There are 2 protein chains.
Amino acid sequence: MTFAFSGTMRAQPGHRDDVIALLLADQSALAELGCLHYLVGTNDAEPDLVYVNELWVSAEAHDASLQLESVRAAIQDALPMLTGDFTNFGFEVVGGLGA
Amino acid sequence: MTFAFSGTMRAQPGHRDDVIALLLADQSALAELGCLHYLVGTNDAEPDLVYVNELWVSAEAHDASLQLESVRAAIQDALPMLTGDFTNFGFEVVGGLGA
């Protein structure tokens, strides 16, 4: 079942775009693992928040991505620029436009 | 700029799937308005929650959809089956796989 994952992470003031650059650096490996969508974005109402919406062929594919060396390295690089304030949820897609 | 919108709504116990059916009933009008993705789903860890991830050609297209008669009717039909517990966030997509 297609799996969607959405979340936010709060950057240290002034570092939001650095975190975004890390997330967008190399996504080819994600696609190879079954990532269909990995959208990164911002909202002017929350200048320090980084937003992510992901879509995967399965929850297992999403979990496997967290073991990727490139993903683990990006997380390590990003952590010092993050406050530790994360929100997220994941769900099995049951239908809808683009499912 | 592409606009992503994600959220959850809590159904009254036993009504989650009724709400999902309403959301999935007729999405053709959404596509015509610029909806690229309208994914609806569930998570066994939260049996009463309905999850939605949307992707629109713009925030304006998303806002316009809320004026659609079919969307307003679906919301009216769903409200009695919802507890009023909503979470959501929206963001401008700056990049990523599938952006």
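In the predicted model, chain B and chain A together bury about 2400 Å². Carbon and sulfur atoms account for 65% of this buried area. The contact draws 34 residues from chain B and 34 residues from chain A.

On the side of chain B that touches chain A, two or more residues come from each of the elements β1 (3-11), α1 (16-24), β2 (35-42), β3 (49-56) and β4 (82-97) of chain B. The greatest contribution to this side is that of β4(B), which supplies nine residues. By residue class, the side of chain B that touches chain A comprises 19 nonpolar, 13 polar and two charged residues.

Polar contacts link the two chains: 18 residue pairs were counted between chain B and chain A, with both residues of each pair at pLDDT 80 or more.

Strand β4 of chain A, which covers residues 82-97, is joined to β2(B) by five bridges. The two strands run antiparallel. Within this region, E92(A) is placed opposite T42(B), a residue of β2(B).

Over all chains, the search of the whole structure identified six salt bridges. In chain A, the side chains of D85(A) and R10(A) form a salt bridge, with an N to O distance of 2.7 Å. The pair connects distant parts of the chain, as D85(A) belongs to strand β4 of chain A and R10(A) to strand β1 (residues 3-11) of chain A, a separation of 75 residues.

With regard to annotation, an unreviewed UniProt entry lists residues 3-94 of chain A as "domain: ABM". In the model, this span is 35% helix and 41% strand. The C-alpha atoms at the ends of residues 3-94 of chain A are 9 Å apart.

Conventions. Residues numbered from 1 in each chain as written. Chains lettered and ligands numbered in written order. Predicted model: local features only at pLDDT ≥ 70, side-chain atom pairs only at ≥ 80, totals over all residues. Heavy atoms only, no water. UniProt positions renumbered as here; feature names shortened; annotations may be inferred. Helix = DSSP H or I, 4+ residues; strand = E, 2+ residues; numbered from the N terminus. Contact = heavy atoms within 4.5 Å. Buried area = accessible area lost by both parts, 1.4 Å probe. Polar contact = N/O pair within 3.5 Å; in protein donor to acceptor, adjacent residues only side chain to side chain. Nonpolar A, V, L, I, M, F, W, Y, C, P; charged D, E, K, R; others polar. Pairing = 2+ DSSP bridges. Salt bridge = Lys/Arg side-chain N within 4 Å of Asp/Glu carboxyl O.
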